[in-house]
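I opened the model to look up its disulfides and then its aromatic pairs. My notes follow in that order.

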Amino acid sequence: MGRCVLLIFTFMVLSVGLERGRTSDGGGAGTTGEAPMDRAEKEALYSAIRGFVGDWWNGSYLYPDPCGFTPIQGVSCDLFGGQWYVTSLNIGPVHENSLNCSAKPLFSSQLFDLKHLKSLSFFNCFVYDHQTLPPDSYWDGLSGSLESLEIRTNPGLTGGIPSSFGRLLGLWSLVIIENGLNGTVPTNLGDLAGLKRLVLAGNRFTGPIPNSFGGLTKLLILDMSSNSLSGPLPPSIGSMASLLKLDLSNNMLHGDLPSDLGNLRSLTLLDLRNNSFSGGLIPSLHMMESLEELALSRNPIGGDIGVLDWQKFKGLAVLDLSGMGLTGEIPEAFSQLEKIRFLGLSDNILSGALPPKLETLPCLSALYVNGNNLSGEIKFSTGFYDRMGWRFGAWDNPNLCYPAADLGPNGSRMPHRVRPCGHEEEKEVVRDPSISGGKGLGADGGDSGGNSHFLPILGFSNNGADGFQCSNFWVHVLLLAVVSSFLE
């Protein structure tokens, strides 16, 4: 019994001592030997946060020890010379208890007095009022410490990127996504030799991609998609030998693809969709054998699809070549792409037969060849149609058909909007892609053409190229009754 009383008494004494240590100093220093926080650093932190969230915020009362016993969500600290300093500041609704910006947030000048700040991010902060980023002289204060800068989803943030960003030589990550920023991309961003991630997507940037980006030899990710960038791809882009992902989709880039692209042998993603590139597929693409996703759709590139040895792309899982004006026959080599999941060839000028070996691809879950000049019979099994469902598109190929004997119960085993072979004798039709109304397919494989789905089930095409051509009034009445009963 005496031992238990002694243990309880000892525990109470230790507890009182710890509590005195916590409260003896507003900065967390006390009898326990905890490190204090530099007073000027603390005031700079409070002022910086107050600028973002509003004057109502009283940090000294709510968080008297922000690097110790009263931490602030989104704030991280580290020890330098025996004192706490802020190393990370994240503002915005990332977590339920995150610091959210006021309706009129401001950049406090004291934000740039946080001398050991390594990571700064603000998300969904500048939404309403149009504001610009602080001028160059402010950012120079962080040039010796900042390693990561993220500015996400701030539609009210306008103006250009300060040129001083190119002097933040410690940066390894610069992410500026979905803001209202505009103007040209500063060329001195190419001076950030240690940069590994550069994301400038979803803004309003204009002008060319700086040739200086060739100096970013350690870069792993470059994403400048969904802007209004123009001009050709600079040949220096081939100098970024470490690049894993390159996304320049949804811009106004043009010209031939530079042969230097082939130097990016570590690249796993190349997305150049929705630009104005031309000049045909370049042979140097063969060198990019690490590619897993290749998306070139909606560019007037043109030329023969068979110019590349497609069997070399053993790791391809996504290949989107839709709407490129490609000619020739679908290469048999596609049947050797054993990891392919999505194969998009729609809205080109491809001819010849549809290779039956495509059915043997073990991972294929979406195949679109609609809107071409393919001809002959589709020689896929009924099991293929059952497996693919609506993710197989072959419509708008006037001379393509499927064997009528393959039609299953209720038309469940038929390619959508493709006529049965021998259903009607017709002259060979050559489709002109320039007058096509097809819009292609999205990433979800949905039919974006807006055509009725019940017509093919009845054996009629939407353009009258097959089925019955009959002007008899009673035949029309009968057809109307059949359609009405189908819709009920």
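Is the disulfide of Cys401 and Cys421 left-handed or right-handed? I found the torsion about its S-S bond to be about 90°, so the disulfide is right-handed. Before going on I noted that this is a predicted model, in which local features need pLDDT of at least 70, side-chain atom pairs count only at pLDDT 80 or more, and totals for chains, interfaces and linings use all residues. Residues are numbered from 1 along each chain as its sequence is written, and side-chain values use heavy atoms, with hydrogens and water left out.

**Disulfides.** I counted 3 disulfides in the structure, the term meaning a pair of cysteine sulfur atoms within 2.5 Å. The sulfur atoms of Cys401 and Cys421 lie 1.9 Å apart, and both cysteines are buried (under 20% relative accessible area, with a 1.4 Å probe and protein chains only). For Cys67 and Cys77 the sulfur atoms are also 1.9 Å apart, and the S-S torsion is about -65°, so this disulfide is left-handed.

**Aromatic pairs.** I then found 20 aromatic pairs, where rings of Phe, Tyr and Trp (its six-membered ring) pair if their centres lie within 6.5 Å, and planes under 30 degrees apart count as stacked, over 60 as edge-to-face and the rest as tilted. The rings of Phe52 and Phe107 have centres 5.6 Å apart and planes at 75°, so I recorded them as edge-to-face.

Terms used:
Buried means under 20% relative accessible area, exposed over 50%, partly exposed in between (1.4 Å probe, protein chains only).
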